[in-house]
Amino acid sequence: MSIRRAHARVPILCALLGALISLALPQATFAAHSHAHHDATVDAPIGVMGDHLHPQGGVMLSYRYMRMSMNGNRDGTSRQSENSVHRSFPIAPLEMDMEAHMFSVMWAPHEDVTLAAMLPFKRLDMKHRTRGGRSFTTRSHGIGDTKFTALVRLFDRGEHHLHLNLGVSAPTGSISAKDDTPMGRSRLPYPMQLGSGTWDLLPGATYTGAWEKITWGSQILGTLRTGINRKGYRLGHRFGTTGWLGLALAPWVSTSVRLAYQDWRGIRGDDDDLNRNQVPTADPDLRAGRRLDLWIGLDLKATNGALRGHRLALEVGRPVYQKLDGPQLETDWMITVGWQKIF
Ligand SMILES: [Cu+2]
């Protein structure tokens, strides 16, 4: 009970992190650095999307590589052995590896509005073992859901920036991926599908600030599913919030620390081609969870010369808390590497 209570405060703490720091700093010092935003020298860690607007006419291309590794099962906040998963299901998932190549473009048609589009290419691998001891791996790959976002400036005061993230996710990713299993060629369970199958709304807001060599910010972002997909279900809604603190070590290099909290709900309805009694990943009631991740980042930016406008950044993350409606695979580590070029 006490864990649950403390836990409920986490998203609020994350969202307030940036705001608290900003209150502690003298307002007068911000004015001197008002150029920073328009040079786009104030960046959130690379894992945060939609963190900045561009000046009117500005264009930015970016590529991000994201990888996430999951190993072992968890129910609630404790580990669950393979044997205990096998007590309820003939097949136990053991490991999952997710990889995504994300391409995005940003363009500012107006000084207060920047538009962004993002297309991911995903690869998912999951290892299993049957009760009889037979191991097998299923794979799926292809494009995921495409996201379109409008970033709308709410205010800019000195080095305080606040904007809305108004996004929509189009169901371009497959929800009918199949692969070979010991039961023959079958529809893959929910977490192995590449898309949601529904149009999803992505409302959010982002606050960023900077003072001298310090940057900070916070973002809240929801994923609201609409309707039911053509397989007869919809994924759970998601709520995410993150807060970060960055420090420039030199004009071209900075580091960051970030906390990110996510809460995702269970699946409504189900896919008739999946047997929920066979493997926990096919059970729509075993998909919800919440997680708090700690990320450390490194950012390199060329401020002059031939590479001016290029940014190369890395962020490595690890969960510090996760509670899953299990058995569900638990996350072990994550990495995001990104390249961005402003034109
Ligand atoms: Cu940009």
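Asp200 is buried, with a relative accessible area of 2%; buried means under 20%, exposed over 50% and partly exposed in between (1.4 Å probe, protein chains only). The model is predicted, with pLDDT of at least 70 needed for local features and 80 or more for side-chain atom pairs, while totals for chains, interfaces and linings use all residues. Residues are numbered from 1 along each chain as its sequence is written, and side-chain values use heavy atoms, without hydrogens and water.

**Salt bridges**

- Asp200 pairs with Arg225 in a salt bridge, their closest N and O atoms being 2.7 Å apart; the term requires a side-chain nitrogen of Lys or Arg within 4 Å of a carboxyl oxygen of Asp or Glu.
- Asp200 lies in strand β10 (residues 200–211) and Arg225 in strand β11 (residues 214–225), so the pair ties together parts that are 25 residues apart in sequence. Strands (E, at least two residues) are DSSP runs numbered from the N terminus.
- Arg225 is buried as well, at 13% relative accessibility.
- Arg153 and Asp156 form another salt bridge, with 2.6 Å between the closest N and O atoms. Arg153 is buried at 17%, whereas Asp156 is partly exposed at 32%.
- Between Asp283 and Arg276 the closest N and O atoms are 4.0 Å apart.
- A network of salt bridges links Arg67, Asp97, Glu99, Arg123, Asp125 and Arg139.
- The whole structure holds 25 salt bridges.

**Copper site**

- The copper ion is coordinated at 1.9 to 2.6 Å by NE2 of His52, NE2 of His54, SD of Met60 and SD of Met106. Donors are N, O and S atoms within 2.8 Å of the metal (3.2 Å for Na, K and Ca), and sites may look incomplete because water is not among the atoms.
- The arrangement is tetrahedral because the four donor atoms subtend angles of 101 to 122 degrees; four donors count as tetrahedral if all angles lie between 85 and 135 degrees.
- The donor residues follow the spacing H-x1-H-x5-M-x45-M in sequence.
- His52 is buried at 4% relative accessible area, and His54 is buried at 2%.

**Nonpolar surface patch**

- A nonpolar patch of about 910 Å² includes Leu61, Trp252, Trp339 and Phe343. Patch residues have over 30% relative accessible area and no salt bridge, with nonpolar side chains (Val, Leu, Ile, Met, Phe, Trp, Tyr) joined within 5 Å and like charges within 9 Å. Areas come from the Shrake-Rupley method with a 1.4 Å probe.
- β17 gives the most to this patch, with five residues.
- Leu61, in strand β1 (residues 59–76), is partly exposed at 34%.

How values were computed:
Helix = DSSP H or I, 4+ residues; strand = E, 2+ residues; numbered from the N terminus. Tetrahedral: all angles 85-135°; square planar, octahedral: opposite > 155°, others 65-115°.
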